[in-house]
Amino acid sequence: MRTTTAPSAGFRLTPQRAEILRLLEGNTSHPSAEEIYRRVHRKFPGMSFATVYNTLQSLLGRGELLEIRIDPKRSRFDPFTPQHAHLMCVKCGAIADVRTPAELKPLGKPAGFKVLSCNVEFYGVCPACAGKTATKEAAKWQKRTQKRTRK
Ligand SMILES: [Zn+2]
Ligand SMILES: [Zn+2]
């Protein structure tokens, strides 16, 4: 298996790439490239980080993946592409999807300034990290952030 850092013209579905896609499908944990690499590497020890990185880049280019910048330490990736906002736990870095009003508009802006996009980020402390919360609620939260399929 040849790995290359050059962007490939087409999107060849190698077993490694298929594994990355399988890992991302329905994944609501917003993993970083490093996390994806660690998990895929277990199954394909010969897989390089460059392959993971290039696969993520082609998916981003094809609009099948979102790069989330809510985590100041690293980019996180999201296969759920419809518009939504994120809520990140400042203690453990868990990221949850949250819904926002369909359209957010700035209340007044400089004349002639065209708005192209809007990015809403919420920060907080998840029930598991809050400690004080009932363990039942914490377990529910962990189950939700680890859930692999969407309703
Ligand atoms: Zn947390
Ligand atoms: Zn998301």
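Read along the sequence, the protein runs α-α-α-β-β-β-β-β-α-α, a total of 5 helices and 5 strands, where helices (H or I, at least four residues) and strands (E, at least two) are DSSP runs numbered from the N terminus. The model is predicted, so local features need pLDDT of at least 70 and side-chain atom pairs count only at pLDDT 80 or more, while totals for chains, interfaces and linings use all residues. Residues are numbered from 1 along each chain as its sequence is written, and chains are lettered from A and ligands numbered from 1 in the order in which they are written.

Select next I20, L24, I36, Y37, V40, M47, V52, L59, L65 and F77, the 10 residues of the largest nonpolar core, meaning a set of buried Ala, Val, Leu, Ile, Met, Phe, Trp, Tyr and Cys residues joined through C-beta atoms within 7 Å; buried means that 20 or more other C-beta atoms lie within 10 Å of a residue's own, with C-beta atoms placed from the backbone. Two or more core residues come from each of α1 (15–24), α2 (33–43) and α3 (49–61), and α2 gives the largest share, 3 residues.

Now show α2 and α3, whose axes, lines fitted to C-alpha atoms over the stretch in contact, are 10 Å apart and at an angle of about 125°. To see the contact (C-beta atoms within 7 Å), select A33, I36, Y37 and V40 of α2 together with F49, V52, Y53 and L56 of α3.

Technical notes
A residue is buried if 20 or more other C-beta atoms lie within 10 Å of its own, exposed if 12 or fewer, and partly exposed in between; C-beta atoms are placed from the backbone. Axes are lines fitted to C-alpha atoms, for helices over the stretch in contact, and angles run from 0 to 180 degrees between N-to-C directions. Two residues are in contact if their C-beta atoms, placed from the backbone, lie within 7 Å.
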